[in-house]
Number of protein chains: 2
Amino acid sequence: MKSILIIGCGLLGSSLLRRIHKKKLAKKIFIYEKSKSNISKIIKLKLPGTVVKTLKEGATNSDLIILCTPMSEYKKIIIKLNNFNLPKKLITDIGSSKIESSKIIKKFLRKNLSWIQSHPIAGSEVSGPEHGKEDMFVNRWCILIKDKNTKKNELNILNRFWKKIGSKVVFMESEKHDKIFSITSHLPHLIAYNLVKSAQDFEKKQNYDLIKFSAGGLRDFSRIAASNEIMWRDIFFNNKNNISKAIDLFVKNLNSFKKDINSKNNKSILRKLVQTKKVRSKIIKLKQDIDKPDFGRN
Amino acid sequence: MKSILIIGCGLLGSSLLRRIHKKKLAKKIFIYEKSKSNISKIIKLKLPGTVVKTLKEGATNSDLIILCTPMSEYKKIIIKLNNFNLPKKLITDIGSSKIESSKIIKKFLRKNLSWIQSHPIAGSEVSGPEHGKEDMFVNRWCILIKDKNTKKNELNILNRFWKKIGSKVVFMESEKHDKIFSITSHLPHLIAYNLVKSAQDFEKKQNYDLIKFSAGGLRDFSRIAASNEIMWRDIFFNNKNNISKAIDLFVKNLNSFKKDINSKNNKSILRKLVQTKKVRSKIIKLKQDIDKPDFGRN
């Protein structure tokens, strides 16, 4: 790759920037960032790459364009890119849901620009370039969306790119992607936000100071519920059909638990509680989490 | 304290054992443990204290008796203790819900035996004496149940005991305790079990291999859903009225989120997502969790 433009240099954009620089994956790296506060941080942190003043400057000079902005920004960026009358370019993004953005890409992007969507499974509850990490994507899954119109040679370019980053690449259709992540990521985040919201409501109503007793479980959820609100609003809105179905399944199961509890149905509840334990061992075996009690924290 | 009997030497019992020994809080420590496998582990680990063959031997020779068993064992143990015709003793437990066990204590325990309930806010998803830690309760809250019949001098003895263990002691009525922990601990555990159950159901139905993509959120919940099933069945059953109400509040809020998502109500969802973030900062400020992204794991 001769040159790469990163649009949006927050937690994930700056992690990618650090990694591309370290692995020497491009001769030039350009950064386009709207937030003045983030630009100050990038300069203060002495991050590699060149901050460009206009999107046009970065886009014109880059072979690969990577969007690391909230998904609600895509349409605006596409319209700008179209207007630049660029030669053939490869574009990707790192958004967490895919069906809605693929519709926008299909509808608005000029035909000589190619966009293949990526989704690296990495992140954290903190935001901003100061929290980025060079090894953010190493040994993490990266889903590349392969639909019926995906061009093989462009998919290969992206595949090689993410492998050089250090990720494990999987190809998937956008429908399957959005279904899987509605369960493994979007619902868990919604549930975490909802649990913390319920605790706040309860605290207000009862006038109890309960957050200080959060070490028995609530604190784990509060970490996830501290994630970036713009990013998560976009994900919830963009994958609303799958998330809606996931909520229904969740509520159905919760009512079944409630029934077991209210009727003290020993056999039924123990079957459930034992069954769910197996998932943890599987996750650890698959190296998707560390093998230490309490995440090794102390 | 001359001598202490620990009944049930799993994760928490063995942590207490290690701490009592280290801090020299008793001249003699007795352990009564039903599980042969746990007894083998205690011997192999060379834990301090004397494993007694009968409950009677341990109870007769101890000033303080601490139950670290599942709460469903309390009634059987009380009936045995009654039959030993012991002189005046102080008893406590470390169970996670209090109203139901206080009813059993009131109904069954002989009048010359005193029982003041404790609840140290500590634990982990792993079980067994091999996972116990000497500092498990250090700087953790310990709730002592103070109801209208609690004797002040006995409460003082327990207060001093837990402070020597290293815990921060709070007095609370059982009603308030069970309400608070239904929200900060019992509901989060139920939600975690339920989320993992829903993921399993979805995986089975769709025939997708989704657990390997759990790093986006699900893995955090799977840790909590790996907790001991007997302990949690007992908690859910013993605190069923409060948990039932907590489920209703949770489902009400979840339906409100669902409505926001389906109608893409930007203002309403952002208000919720921003509001819940504040709880995380509060939890960290109160030193109820570590101040590192992703719990510092990697």
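## How the two chains meet

Tutor: In this predicted model, 88 residues of chain A are in contact with 88 residues of chain B. Let us start from that contact and then look at its parts.

Student: Which helix of chain A gives the largest share of the side that touches chain B?

Tutor: On the side of chain A that touches chain B, at least two residues each are supplied by helix H7 (174–206), helix H8 (218–224), helix H9 (229–238), helix H10 (240–262) and helix H11 (266–285) of chain A. Within that side of chain A, the largest share amounts to 22 residues, and the helix that supplies this share is H7(A).

Student: How many residues on that side of chain A are nonpolar?

Tutor: The residues of the side of chain A that touches chain B can be sorted by class, with 21 that are polar and 21 that are charged. The remaining class on this side of chain A is the nonpolar one, and its count is 46.

Student: What kind of axis relates chain A to chain B?

Tutor: Chain A can be laid on chain B by a turn of 180° with a shift of 0.0 Å along the axis, and the RMSD is then 0.0 Å.

Student: Are H11(A) and H7(B) roughly parallel or roughly perpendicular to each other?

Tutor: Here a helix of one chain packs on a helix of the other: the axes of H11(A) and helix H7 (residues 174–206) of chain B are 9 Å apart, and the angle between them is about 75°. Angles of 65 to 115 degrees count as roughly perpendicular. The angle therefore makes the relation of H11(A) to H7(B) roughly perpendicular.

Student: Which residues of H7(B) make the contact with H11(A)?

Tutor: From H11(A), the contact is made by A:Lys272, A:Leu273, A:Gln275, A:Thr276 and A:Val279. By class, the contact of H11(A) with H7(B) has five nonpolar, three polar and two charged residues. On the side of H7(B), the residues are B:Tyr193, B:Val196, B:Lys197, B:Ala199 and B:Gln200.

## Inside chain A

Student: How far apart are the centres of domain 1 and domain 2 of chain A?

Tutor: The domain assignment of chain A gives domain 1 as 3–172 and domain 2 as 176–296. Their contact takes 15 residues from domain 1 of chain A and 16 residues from domain 2 of chain A. Taken over C-alpha atoms, the centres of the two domains of chain A are separated by 30 Å.

Student: Which element gives the largest share of the side of domain 1 of chain A that touches domain 2 of chain A?

Tutor: Two or more residues of this side of domain 1 of chain A come from helix H5 (99–108) and from strand S8 (141–145) of chain A. The largest share of this side is three residues, and the element that gives it is H5(A).

Student: How are H4(A) and H5(A) oriented to each other?

Tutor: The axes of helix H4 (residues 74–83) of chain A and H5(A) come within 10 Å and cross at roughly 20°. Angles under 35 degrees count as roughly parallel. The crossing angle therefore makes H4(A), in relation to H5(A), roughly parallel.

Student: Which residues of H5(A) meet H4(A)?

Tutor: H4(A) passes H5(A) in a right-handed crossing, and H4(A) brings A:Tyr74, A:Lys75, A:Ile78 and A:Ile79 to the contact. The residues of this contact divide into six nonpolar, one polar and one charged. Those that meet H4(A) from H5(A) are A:Ser101, A:Ile104, A:Ile105 and A:Phe108.

Definitions and conventions:
Residues are numbered from 1 along each chain as its sequence is written. Chains are lettered from A and ligands numbered from 1 in the order in which they are written. This is a predicted model: local features need pLDDT of at least 70, side-chain atom pairs count only at pLDDT 80 or more; totals for chains, interfaces and linings use all residues. Copies are superposed by least squares on the C-alpha atoms of residues with pLDDT of at least 70 in both. Domain bounds come from an automatic or database domain assignment. Two residues are in contact if their C-beta atoms, placed from the backbone, lie within 7 Å. Helices (H or I, at least four residues) and strands (E, at least two) are DSSP runs, numbered from the N terminus. Ala, Val, Leu, Ile, Met, Phe, Trp, Tyr, Cys and Pro count as nonpolar, Asp, Glu, Lys and Arg as charged, and the others, Gly among them, as polar. Axes are lines fitted to C-alpha atoms, for helices over the stretch in contact, and angles run from 0 to 180 degrees between N-to-C directions. Angles under 35 degrees count as roughly parallel, over 145 as roughly antiparallel, 65 to 115 as roughly perpendicular and the rest as oblique. A crossing is left-handed if the near helix is turned anticlockwise from the far one by less than a right angle, and right-handed if clockwise.
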